[in-house]
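Please look over the structure shown here before reading the points. They are meant for someone who has not seen it before.

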Amino acid sequence: MIFKIEDVTVYFPYDNIYPEQYEYMVELKRALDAKGHCLLEMPTGTGKTIALLSLITSYRLSRPDSPIKLVYCTRTVHEMEKTLGELKLLHDYQVRHLGAQAMILAIGLSSRKNLCVNTKVLAAENRDSVDAACRKRTASWVRALSTENPNVELCDYFENYEKAADNALLPPGVYTLEDLRAFGKNRGWCPYFLARHMVQFANVIVYSYQYLLDPKVAGIISKELQKESVVVFDEAHNIDNVCIEALSVSVRRVTLEGANRNLNKIRQEIDRFKATDAGRLRAEYNRLVEGLALRGDLSGSDQWLANPALPHDILKEAVPGNIRRAEHFVHVLRRLLQYLGVRLDTENVEKESPVSFVSSLNSQAGIEQKTLKFCYDRLQSLMLTLEITDTDEFLPIQTVCDFATLVGTYARGFSIIIEPYDERMPHIPDPILQLSCHDASLAIKPVFDRFQSVVITSGTLSPIDLYPRLLSFTPVVSRSFKMSMTRDCICPMVLTRGSDQLPVSTKFDMRSDPGVVRNYGKLLVEMVSIVPDGVVCFFVSYSYMDGIIATWNETGILKEIMQQKLVFIETQDVVETTLALDNYRRACDCGRGAVFFSVARGKVAEGIDFDRHYGRLVVMYGVPFQYTLSKILRARLEYLHDTFQIKEGDFLTFDALRQAAQCVGRVIRSKADYGMMIFADKRYSRHDKRSKLPGWILSHLRDAHLNLSTDMAIHIAREFLRKMAQPYDKAGTMGRKTLLTQEDLEKMAETGVQDMAY
Amino acid sequence: MLLFVPNDPKSDLKLKVQTHNIKSQKYTKQGSNKPPWLNLTNKQGRSHIFEFENYPDMHACRDFITKALAKCDEESNKSVVSTPSEQLSMAEFELRFKLLRENSELQKLHKQFVESKVLTEDEFWSTRKKLLGKYSIRKSKQQMGLKSMMVSGIKPSSDGRTNRVTFTLTSEIIFQIFAEKPAVRQAFIDYVPKKMTEKDFWTKYFRAEYLYSTKNTAEAAEDEELAVFLKPDEILAREARQKMRRVDPTLDMDADQGDDYTHLMDHGIQRDGTNDAVEPQNDQHRRSLLQDLNRHAAVVLEGRCIVDVESEETRIVAEALTRAKQVSKANQERLERMSRAAEMEDLQAPQNFPLAPLSIKDPRDYFESQQGNVLSEPRGARASKRNVYEAYGLLKESILEIRMTGLSDPLVKPEVSFEVFSSLTRTISTAKNIIGKNPRESFLDRLPKSTKDEVIHDVIFNHAATPSNPCSRNLTAYGLMCMAMKQSVQSDLRHQVSLLVRSMQQALDAAFQHYESDLQRRTAKIA
């Protein structure tokens, strides 16, 4: 359908539209007009992504003189594929109605591992080794060498791409990773470098958060994006965690050992160069003396990850004198490693601020703060001078230099925590020195400063006023949308006790109680016998899930479950989990029905949808609190309390419930869909916990459903499923329109009544 | 009588074959060098050979002849039944045996009647001709799935005196072990019978399993052959890698791992309590319950992938499985599924997805489980429900309305049909359960006869007029369900159930009759 929002003609690829989608577009358009940032919470299953994409692309069409670029960030690669799938649909529609002028170029961008088509490179097993294998074939000096020595192996795809030079362009269209690979293979061009090159021309770029938030990656990939871009963070309820992760580094024993080995290797290389090609080291020294910008001579390549510090915190000065000479720099690093080794030898947990850490480093190892700060730059220059390509082997020394640079750059918002072992496993010594960032606003600040509109959106952003504080920005629009239901298609319940009336909870003192484990099991046994197709269960942690499944297996509960449905489980092995999910979907598709056991905060909870028949029921076993005794979490809570006056308990509950809401929210895809959500823990019945759930769940949580036992829940579930199986009027009844047609929208535009839908 | 016409418009050669004259049919196997031939031999010893253009055509024809033969047999058997002939073909005998083995209900009956000499074998089967016929036709079409029980659930039986335990292995279990553990399968092919006997092999296997369950892997590691069973399965890992390539990209979490730069070693936050603490397992024989569960479910989902091997010979099964495990590519289907998933279903006109027919091996199981649900419902729920009369009243009302105003969309209000169906299902199952106390009373009998006929007549009439509307489809489906129930219940309960169902059927029949006679009367008048 085609309709107008104020002065923008919106092309929307469906015949009907939900009223909340319409409103979402209206708000979004206002934010774009105001060239400001916005924060929008809209329930899952109301078509956020398509609303967002169609408004922004239509907005672009309506302003042909100042075309905006859309940078769409997703958390995971599979969400990226999903978004591109929707964009494809939209693009087809727009081209059908507008012809060639609606053509856009949209690409998904990922790492070499996901884009490479060179089978030899792909044989490497992880990302770092794929990167290294690629560099071994594409680095400038390797290619220079190959002109003399034909035995040096190059990558044909890259050579062809280079040969095509500026003619290597993607025709307009929407390209998923698979499409890019297919195109690259077809033309014989390297899809990775092609995609990287196309970033500056593309109208829509879809990639993961890190490419914009992590300075190490953003520095090489997102450097050239223009200010007139709209940046969207989808499913952004965890964005604060991504931000602090981007600036955190830790050092272990193995890191130090590896770094020492790296230094030996570097030392050897320096000696070799001194004997054969001393001029090169000399030249590097001179360049550093002159204080040439290091990054200047590297543009366009990504031999190295960029500086771990944020762009505006990087000093634009010459490298300090004491590390200009390669061997001096190696000495400094040796001293640093030694000092870190001594610090790791502690028997107690130590917590320190970066300032005191730097001053004790200065007094004990004689390394100044400014020297630390340049560690990254100096190492990068040295590695390039020494022409080292197997970068994956030099990761440990990179890690140490990243650590040094960060600790030298930031005085506040960070802390250093040294733990001799993991609190939960005191019998295994595993010392670790962690530099952890507490301030989420640091990493995202450059994004807010740089781009005219940043949209943060998700199904769970409650409480919505917390996010501007955590990320310290001022949104021009901040709204939370309700869901207008044609029928009560979601049915949240709070289960507080089992059939035997004993309370259930995953509270620490109760979780291993056999009664609780049995009651949890019985709940599932009963549910799988009445719920059709897919059932998903989320547990609070892997270890808890492991334990409870083992017990169910011994007591025969698992066998009872298996009589009704197949059982699939998320494990810590991603390949296995992916296959399990694929099988789960097939079991639901063919009508066999299945149960999926998963973990809140796990990979599956992050971004896999259990919509339609893939999930008719979600059971959330327990409240997914973080491990509250964690020293890092403590430090972060303290920081939040001191800087933002956010109370500890509030933050913990907020965090636990956004995870829970995220888990259960994945069952709904559209208003035609339906699903039940069971919160199985007595603590959910407390108002202070429950009230942190997003409004669209709360509004369906009836008072009668707040304190249920298993048999009552079964009864409610049965009634609910029976009701949902009936045909219904999709357009909504009794004057409450939940599905708008073209006519409705036109009428709305005439009368100017914006909220006739509610 | 079969009539064969060549697929060549020019020639008018025709061949008539009496069906009951056909003695046997032979055909060339697909894959052999010969063209697709079908050879029909008749009882006089003459034979006709037909040549087909391709194999599918031939198979279609063959199936058709088989059906025709089966029908012909049935007719001829009718006359034969009175004269007890003991000449049973081997195939038929096997079929009966199989049927008994798979249908415990039937087996019970068989025991009760035949073995106690109440009925002869033939008498018993002659009433179940349909079952036999249906089975023999359906057999080729549908494979039975695997049991969903885990193999690890096999508990050994012990004699209580010594420490000896005994495992009973069936071919089903062996199949499952081979499918779930390719390494064991490979080991079997390698070791048996060259290195050890089959019995030794399985003893070793269960010994290894036992050692594993007691976490006593050190001992197992010393024995080379035991270690084979416990080390990580390489064949599985290879298969997994292969399967990853055709996995739905919207599920592919492995791609994330390769994209996410916080997975760079030692970057990101390690120990903040969100990530789980994992016990590092340096044990090389690590294999978790969770993996076993996933693997098991995957195998059950796949079902029997070797169709034509029904051998008891373990080795053949193992080899066939190894061959069948070649992962096929299904790229096209995958992409299609993905694009469908990207759409929002209710924002556009409904799409018609292809329907797959439902075929349940034993429908009785299904209905019985439904009945269990109804009975276990708490009392409060039942009180809140309207009784049959009310539901019936609602239905009647809406039919009246249809009569007055004509058809509307939806034909019957969802609430009404919901009421009717829920109360019907409930009454059926409760009636079935209280049978014995008061067998005569059935819910439909409680309704006044005249109105019943009237209602059903109306429904049928409407149904005939608008065959595509959902209500009538439901009703016919319901009728079919009744019949299915009646057929599937071959026990002593059958009488009562048929009483129950018959009333419904009678009503239907009556309605049809009524309708037909009405029609006749009218045509007679015109004449």
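1. The structure is a predicted model. Every value below should be read with that in mind.

2. Division of chain A. Chain A is split into three parts: domain 1 covers 2-104 + 203-229 + 451-480, domain 2 covers 247-439, and domain 3 covers 490-725.

3. Domain 2 of chain A against domain 3 of chain A. The C-alpha centres of these two domains are 43 Å apart. Their contact involves 13 residues of domain 2 of chain A and 10 residues of domain 3 of chain A. About 1000 Å² is buried between domain 2 of chain A and domain 3 of chain A, and 63% of this lies on carbon and sulfur atoms. On the domain 2 side, the residues that lose the most area to domain 3 of chain A are A:E423, A:R424 and A:H438, which together make up 47% of what that side buries.

4. Polar links between these domains. One salt bridge is found across the interface of domain 2 of chain A and domain 3 of chain A. A salt bridge also joins the side chains of A:K351 and A:E638, with an N to O distance of 3.2 Å. Three residue pairs are in polar contact across the interface of domain 2 of chain A and domain 3 of chain A, counting pairs with both residues at pLDDT 80 or more.

5. Make-up of the domain 2 side. Strand 11 (414-421) and strand 12 (429-437) of chain A each give at least two residues to the side of domain 2 of chain A that touches domain 3 of chain A. The largest share of that side, three residues, is from strand 11 of chain A. By class, the side has six charged, five polar and two nonpolar residues.

6. Chain A against chain B. Here the contact takes 115 residues from chain A and 72 residues from chain B. The area buried between chain A and chain B is about 8400 Å², with 58% from carbon and sulfur atoms. The rule finds one salt bridge across this interface. A:K113 and B:D254 form a salt bridge in which the closest N and O atoms are 4.0 Å apart. Five residue pairs are in polar contact between chain A and chain B, both residues being at pLDDT 80 or more.

7. Which helix gives the largest share of the side of chain A that touches chain B? Helix 26 (residues 574-589) of chain A does, with 14 residues. The residues on this side of chain A divide into 45 nonpolar, 37 charged and 33 polar.

8. Chain B by itself. Chain B has 22 helices and seven strands. Of its 527 residues, 39% count as buried. Among contacts in chain B between residues at least 6 apart in sequence, 59% join residues at least 24 apart.

9. Salt bridges in general. Over all chains the count is 47 salt bridges. One of them joins the side chains of A:E159 and A:R143, at 2.9 Å from N to O. A:E159 is in helix 8 (residues 156-164) and A:R143 in helix 7 (residues 140-148) of chain A, so this pair ties together parts 16 residues apart in sequence. A:E159 counts as buried at 17% relative accessibility, whereas A:R143 counts as partly exposed at 23%.

10. A:D240 and A:R636 form a salt bridge, their closest N and O atoms being 3.2 Å apart. Because A:D240 lies in helix 13 (residues 239-246) and A:R636 in helix 28 (residues 631-644) of chain A, the pair ties together parts that are 396 residues apart in sequence. A:D240 is buried, at a relative accessible area of 0%, and A:R636 is buried as well, at 5%.

11. A pair within one helix. A:D271 forms a salt bridge with A:R267, and the closest N and O atoms are 3.4 Å apart. The two residues are four apart in helix 14 (residues 253-276) of chain A, which means that about one helical turn separates them. A:D271 counts as partly exposed at 37% relative accessibility, and A:R267 counts as partly exposed at 25%.

12. A network. Salt bridges link A:E6, A:D7, A:K29, A:R30, A:D33 and A:R63 in a network.

Note on methods
Residues are numbered from 1 along each chain as its sequence is written. Chains are lettered from A and ligands numbered from 1 in the order in which they are written. This is a predicted model: local features need pLDDT of at least 70, side-chain atom pairs count only at pLDDT 80 or more; totals for chains, interfaces and linings use all residues. Side-chain values use heavy atoms; hydrogens and water are left out. Domain bounds come from an automatic or database domain assignment. Contact means heavy atoms within 4.5 Å. Buried area is the accessible area (1.4 Å probe) that two parts lose on being put together, summed over both. A polar contact is a pair of N or O atoms within 3.5 Å; within protein, one must be able to donate a hydrogen and the other to accept it, and residues adjacent in sequence count only if both atoms are side-chain atoms. Ala, Val, Leu, Ile, Met, Phe, Trp, Tyr, Cys and Pro count as nonpolar, Asp, Glu, Lys and Arg as charged, and the others, Gly among them, as polar. Buried means under 20% relative accessible area, exposed over 50%, partly exposed in between (1.4 Å probe, protein chains only).
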